[in-house]
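Take a walk through this structure, one piece at a time. Keep the model in view as you read.

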Amino acid sequence: MPATLEAKNITCLYKGSGRGVTDVSLAVGRGEIFGLVGPNGSGKSTLLRVLSTALAPDSGSFSIGGADGLAERREVRARIGLMVDRPTHYGDLSGWANAFFFARAYGMEEEKANGTLAELFDCFALAEYAHDKAKTYSYGMGKKLALIEAVAHGPELLLLDEPSLGLDYTSQLAYQRKVRELAGAGAGVVLASNQVDEVEALCDRVAFLHKGRMLVEGTPEKLVSSLRGVKRIVATLRNPVEYAPVGEVAGVERVATEGRNLVVHCEDRPGLVADVVAGIVEAGGDIAELSVRRPNLEDVFVKLTGEALRSDEA
Amino acid sequence: MRLNPPDAYWKKDVALFFGKRFALVIKMIYPLAIIVPVAASGIPARYAAAVVGIVAIMAGTFGAGESLTSDLNDGILARVALTPLSPYRIVFEILAVNVVLDFLQLLPALFVVYFLHPVSLVWVCAATFAVFATLVAANCIGVFIANFTSSPADVLLYATAILSPLIYASGFFRNANPMGGLATLRDFVPFAYANDALKTVFGLTTGTTPLETFIYPTITCAVLVVLVCLTAPRLLSQRL
């Protein structure tokens, strides 16, 4: 598969905090959807900023469609579709005017821009609000508008930073369908997210970033299958509990809360589920629902780092 | 007013300018509200000219500076900078459209001044051009300031620091007949030519000719525009 994006040894550290990315290399082929997964502050957005030419790296190089990311920045920008993590628009212009402005800035002909935007506004259920001022849009509508701006010109490489955050379910499906469609047409996609379900569903390959470094890379199936013997027990509780005793059950590696759920990562063994349930009950937990799930990418990250992927976890 | 969706940066600014009706009315009225009473009064010509000049300087400097810092704060300008548009072109368009829009705001007030203080056509043209050049220089200063801050409040502070010596050198209130180094410095400040041309309109005689009013500010403004456009990569870069 010819590479749309090739990045070699990218290092970019912020002067004040020292955070950023260190020595990251990756390649994304034509039509490939590549997931960047990591908790907040892991360097996902920084890496996307470098790849979008917003930040010059301290060292390393990258090319997009053969154009050098450092020496041919305007050429690279023309080949990219970008959705930043906090999209902004000209609030006093309509959503349509914003999208039209960006489409033309990317060199689309007026007629083509009108046709493509009409289709995209329909696809993302924004047609009804197309001529409303962008400042009247909700957060989710703003994200959809940013997605439209990112994909309208048919980029060779799509860089998406937390694209589905704030989208309603229907829009998430529309966005996933559009991303698959673009990849099917040959665009490479880099998707930075810590929504593991979305990444598993969409991505052909995934890389984990942790403290600015790339930990591991592979297909979601390969990464998850490396956790053979690991179980994920999710208990929905009616009441919050002090769950420390659950962590002392033999085989339990980590206990975390996700909203009302208590998530227990553990090594499989006979009688394990019964012991975990006993531990929860002993801690005073009133279990409303219990499920034993196959491990997912989140478990891979926990296994690799011993840390949670999302900040709402303990 | 219904406009077609913008397909260029300058058209976006024009759409925004005409899109906010109340703000548009205020923008068009305030130069009239300040300048017309001054022009209609009997205050000395040098002060009347100074008021018109100061209004032009302030409109130019704060107009570009404020709208730029606002866009920088929003992050929208950094996003626009990541399109294939040339950053130099973006900054040139920001500058050009702000100058033209500021000029449109001042033009009705200038016409009233010319109506109340009739002068020869050549001085009308010279004064109008000198005010335009003042707006170019002032907008250049506003854009330059936006390189160093993304706070509209800071724009005010920095603008005051930069404009005060330039206004002094231009002889708006003091230093009307400079000597030596100050006289040389004055020759390079476009505001000075606007001041002299407006003084002539209001009935004073200065040593500046209409030809000088057309030539020297043009040269200075061309240099300023080039220098300010060269700051584009820095101006449009992400502020972290």
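Start with one residue: A:Ala207 counts as buried because it has 22 C-beta neighbours inside 10 Å. The cut-offs are these: a residue is buried if 20 or more other C-beta atoms lie within 10 Å of its own, exposed if 12 or fewer, and partly exposed in between, with C-beta atoms placed from the backbone. This is a predicted model, in which local features need pLDDT of at least 70 and side-chain atom pairs count only at pLDDT 80 or more, while totals for chains, interfaces and linings use all residues. Residues are numbered from 1 along each chain as its sequence is written, and chains are lettered from A and ligands numbered from 1 in the order in which they are written.

Where does A:Ala207 sit? It is found in strand E9 (residues 205-210) of chain A. Strands (E, at least two residues) and helices (H or I, at least four) are DSSP runs, numbered from the N terminus. Leaving aside neighbours within four places in sequence, A:Ala207 is in contact with A:Leu26, A:Leu36, A:Met214 and A:Glu217. Contact has a cut-off too: the C-beta atoms of the two residues, placed from the backbone, lie within 7 Å. A:Leu26 is 181 residues from A:Ala207 along the chain, yet their C-alpha atoms are separated by 8.8 Å.

Now look at the sheet around E9(A). Six strands form an open sheet in the order E6-E7-E8-E3-E9-E10 (chain A), and the pairing is mixed. Strand E6 (80-83) and strand E10 (213-218) of chain A stand at the edges. Each has a single partner strand, so one side of each is left without a neighbour in the sheet. From one strand to the next, the twist averages 15°. Helix H6 (residues 169-184) of chain A packs on this sheet. H6(A) touches E3, strand E7 (157-161) and E8 of chain A, and its direction makes about 145° with that of E8(A). Such angles run from 0 to 180 degrees between N-to-C directions; axes are lines fitted to C-alpha atoms, for helices over the stretch in contact. Another helix, H11 (residues 297-305) of chain A, lies across E3, E9 and E10 of chain A, running at about 40° to E9(A).

How many residues of strand E3 (residues 33-37) of chain A are buried? Five of its five are, and the strand is mostly covered. In a regular strand the side chains alternate between the two faces of the sheet. A:Ile33, A:Gly35 and A:Val37 point one way from E3(A), A:Phe34 and A:Leu36 the other way. Two strands pair if DSSP finds at least two bridges between them. E3(A) and strand E8 (residues 188-193) of chain A pair in the parallel sense over five bridges. Here A:Gly35 stands opposite A:Leu191 in E8(A). Four bridges join E3(A) to E9(A), and these strands also run parallel. In E9(A), A:Val206 is opposite A:Gly35.

Move on to another sheet. It is open, with four strands in the order E2-E1-E4-E5 (chain A) and antiparallel pairing. Strand E2 (20-29) and strand E5 (67-68) of chain A stand at its edges, each with a single partner strand, so one side of each lacks a neighbour in the sheet. Strand E1 (residues 3-13) of chain A pairs with E2(A) over seven bridges in the antiparallel sense. There, A:Ile10 stands opposite A:Val24 in E2(A). Helix H1 (residues 44-51) of chain A lies across E1, E2 and strand E4 (59-64) of chain A, running at about 120° to E1(A).

Step back to the whole chain. Chain A is divided into domain 1 (3-224) and domain 2 (228-294); such bounds come from an automatic or database domain assignment. The C-alpha centres of the two domains lie 36 Å apart.

Next comes strand E13 (residues 261-267) of chain A. Five of its seven residues are buried, so it is largely enclosed by the rest of the structure. Seven bridges join strand E11 (residues 230-237) of chain A to E13(A), and the two run antiparallel. A:Ile233 has A:Val264 as its bridge partner in E13(A). Strand E12 (residues 252-258) of chain A also pairs with E13(A) in the antiparallel sense, over six bridges. E12(A) and E13(A) form a hairpin with two residues between them, and A:Gly259 in the turn has a positive phi of about 65°.

Finish where the chains meet. The contact takes 27 residues from chain A and 21 residues from chain B. On the side of chain A that touches chain B, the largest share, seven residues, comes from H3(A).
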